[in-house]
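Here is a short report on one protein model. Keep the sequence and the structure open as you read.

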Amino acid sequence: MSTPALVVIGAGPRGTGVIERIAANAAELYGDRPLDLHLVDPYPPGGGRIWRQDQSPLLRMNSMAEDVTMYTDDTVRLDGPVTPGPALHTWAADVREGRTAVAAGPGVLEEIHRLRDQDFPSRQLQGAYLRWVYERTLAALPPGITVHEHTGCALGVLGTRGDRQRVRIQGRAEPLVADLVVLTVGHLDAEPGPEQQELTAFATRHGLVHLPPDFTADTDLSVLPAGEPVLVRGFGLAFTDLMVLLTEGRGGRHENGAYIPSGREPVLYVGSRRGVPYHSKIGYTWQGERPPLPHHFGDAEVQEILDRPGPVDFRRDLWPLVSKELGHAHYHRLFAAHPERTAMDRAGFAEKYALAAPGSAELAALVASAVPDPADRLDLDALDHPLDGVRHASYDALQDGLRAYITADLERRHDPRHSPDLAVFLGLLSVYGQLIRLGDTGEWWHGFFSHLASGPPGPRLRQLLALSRAGVVRFLGAGMTVESDEERGLFRARSATVPGACTEARALVEARLPDPSLRTARSPLLRGLYADGAAGTDTGLLRVDPADGRILDRDGRPHPRRFSLGPGTTARSSGAFTRPRTGGPAFRQNDATARAALAFLRDLSCRDRLTA
């Protein structure tokens, strides 16, 4: 009788989280039975690709040290046991004070010793934390579980529903034989779509540079020459990385709010659909009473939607509940923490708010009468598209206008007098946790969430302002379009914000990650799953059972031996790690998958013993 085997493909933070839940649940569900646990990843376990050590120390997290944990707490709804562990800032303090040992380079150790709770750590430091969590997790596994690490890419999973699976690995002659396979592969590279292919072909014909969507840290930026204009399409976190690597990464430096160029920088002309960077990370911590969440969008509302016939439309079916929940969080905090800025009894407002229909004139009138200052009202449309309807006569005028916008955003997001903004952030986390049960909610929601909740640290936006004043970054505005001029052999960008104006360049960078899609993924693993009958959504996400992450086929049947978690699935969450005490949807998913896997392997082992 062979030892049961579980293969986890992807040993980054999501894979580590699944293994942590296996360790936590093994005593209850698996006992002291033997198990071979195989981990497959081309990058070092713990940090994986994104958080690996061999990347620029200039690249940082967009979360404070005190807002990062890999461990469950009593706010996470799970069936398995809570296993406490240190958040990133606590772990760093333990390292500084000699209570915890860590293997890291001198630069990371130096950063640990100067790290404050509200600092934004480097990705290298986060990688060291994740590696420590991984090693601690392995040490917590029962003695019967043997871990085998395999460095390489998984190329495919073969096998019928009723039989053991075979996992092919790059560089390994024989496949791994597994009773269960769990995919935790994170973001993957993708083949370019038709537009990107056309732009690359145009660049090749004319000797230009076109960098399609990619992981900025892995992109060869040496092809962008100093002093030359570069069009950049995308104003999110990928742009922030690009900005840093092409300025400080080329020898420039920031001093006393000014940027001192090295002379090796290109000039970045950046625009996007919104035309603005993501909102700054909030620069203060929560104090006082938290809004009760979920409130208007909880389990009952989700179940009612699931019970409806026909497909779910996000704007029609979900957005009214989402906006109502975010408004609840905002106004609960405003009335609780800043009652002097309200003109109505708190209980009376809450009662009327609960009865008013989302987006109705009644709700707007209620808010206007109860909250005198428009700056204290929640306007989600304005937050999402602040340049809608804004027009400037010239690009020079736009520079002043956008610097004023970024400055105002920075000031507000670092001012606790606007703490309802932080309440909305908590509301977004709560909503994300509920939406997971509903499967693919479309790209609009994820873009909206990222714009409001996953923006850059304040220091990065202050650097952006300095680069703008220095002329190294130029803003293009909203509704950015790019065209290729065959006659002149140039890229040309326009925007709705500066009508009639255009900017030309010999280089174009798509500053965003590739879209997650089964159909366009470069991974032969995912393409093979799709060819083998795995179901995909219209947007290309892998369909999984929201209960435990089992991969669904095109008839909706869950595969008994294959699971998948992460951003390429219909159950994608807001991240593999989370803020302490915010519910951690990914942790709940990890727990459900680990428990389902252990129960399957236990029952399989019992059947094998009976038939032996």
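Buried means under 20% relative accessible area; exposed means over 50%, and partly exposed lies in between (1.4 Å probe, protein chains only). Strands here are DSSP runs of E, at least two residues, and helices are runs of H or I, at least four residues, numbered from the N terminus. The model is predicted: local features need pLDDT of at least 70, side-chain atom pairs count only at pLDDT 80 or more, and totals for chains, interfaces and linings use all residues. Residues are numbered from 1 along each chain as its sequence is written, and side-chain values use heavy atoms, with hydrogens and water left out.

β12 has partners in β9 and β13. Strand β9 (residues 229–233) runs parallel to β12, joined to it by 5 bridges. Arg233 stands opposite Gly271 of β12. Strand β13 (residues 473–477) also pairs with β12 in the parallel sense, over 4 bridges. There, Leu268 faces Val473. Two strands pair if DSSP finds at least two bridges between them.

## The parallel sheet

These strands belong to an open sheet of 5 strands with parallel pairing, in the order β8-β17-β9-β12-β13. β8 (209–211) and β13 stand at the edges, each with a single partner strand, so one side of each is left without a neighbour in the sheet. From one strand to the next, the twist averages 20°. Angles run from 0 to 180 degrees between N-to-C directions; axes are lines fitted to C-alpha atoms, for helices over the stretch in contact.

Val209 has Ala507 of β17 as its bridge partner. Helix α5 lies across β8, β9 and β17 and runs at about 155° to β8.

## The antiparallel sheet

A second topic is the open sheet of 3 strands, ordered β14-β15-β16 with antiparallel pairing. β14 (481–485) and β16 (503–505) are the edge strands, each with a single partner, so one side of each is left without a neighbour in the sheet. The twist averages 25° from one strand to the next.

Strand β15 (residues 490–494) pairs with β16 in the antiparallel sense over 3 bridges. Phe491 has Ala505 of β16 as its bridge partner. Helix α5 (residues 194–206) packs on this sheet, touching β14 and β15, and its direction makes about 135° with that of β15. Contact means heavy atoms within 4.5 Å.

## Helices α8 and α9

Two packed helices are described by the angle between their axes and the distance between the axes. Helix α8 (residues 314–337) and helix α9 (residues 346–355) pack at an angle of about 175°, with their axes 11 Å apart. They are therefore roughly antiparallel to each other. The cut-offs are under 35 degrees for roughly parallel, over 145 for roughly antiparallel and 65 to 115 for roughly perpendicular, with the rest oblique.

α8 contributes Ser323, Lys324, Gly327, His328, Tyr331, His332, Phe335 and Ala336 to the contact, and α9 contributes Arg346, Phe349, Tyr353 and Ala354. By class, the contact has 6 nonpolar, 4 polar and 2 charged residues. Ala, Val, Leu, Ile, Met, Phe, Trp, Tyr, Cys and Pro count as nonpolar, Asp, Glu, Lys and Arg as charged, and the others, Gly among them, as polar.

## Ile169

Ile169 lies in strand β5 (residues 165–169). It is buried, with a relative accessible area of 5%. Leaving out residues up to four places away in sequence, Ile169 touches Val40, His150, Gly152, Cys153, Ala154, Leu155 and Leu176.

Most residues other than glycine have a negative phi, and most peptide bonds are trans. The bond from Leu293 to Pro294 is cis, with omega near -5°. Pro294 sits in the loop between β12 and α7 (299–306).

Asn256 is not a glycine, yet has a positive phi of about 55°. Its place is the loop between β10 (253–255) and β11 (258–260). Asn256 is exposed, with a relative accessible area of 84%. Arg581 also has a positive phi, about 60°. Arg581 is in the loop between β19 (558–564) and α17 (585–611), and counts as partly exposed at 44% relative accessibility.
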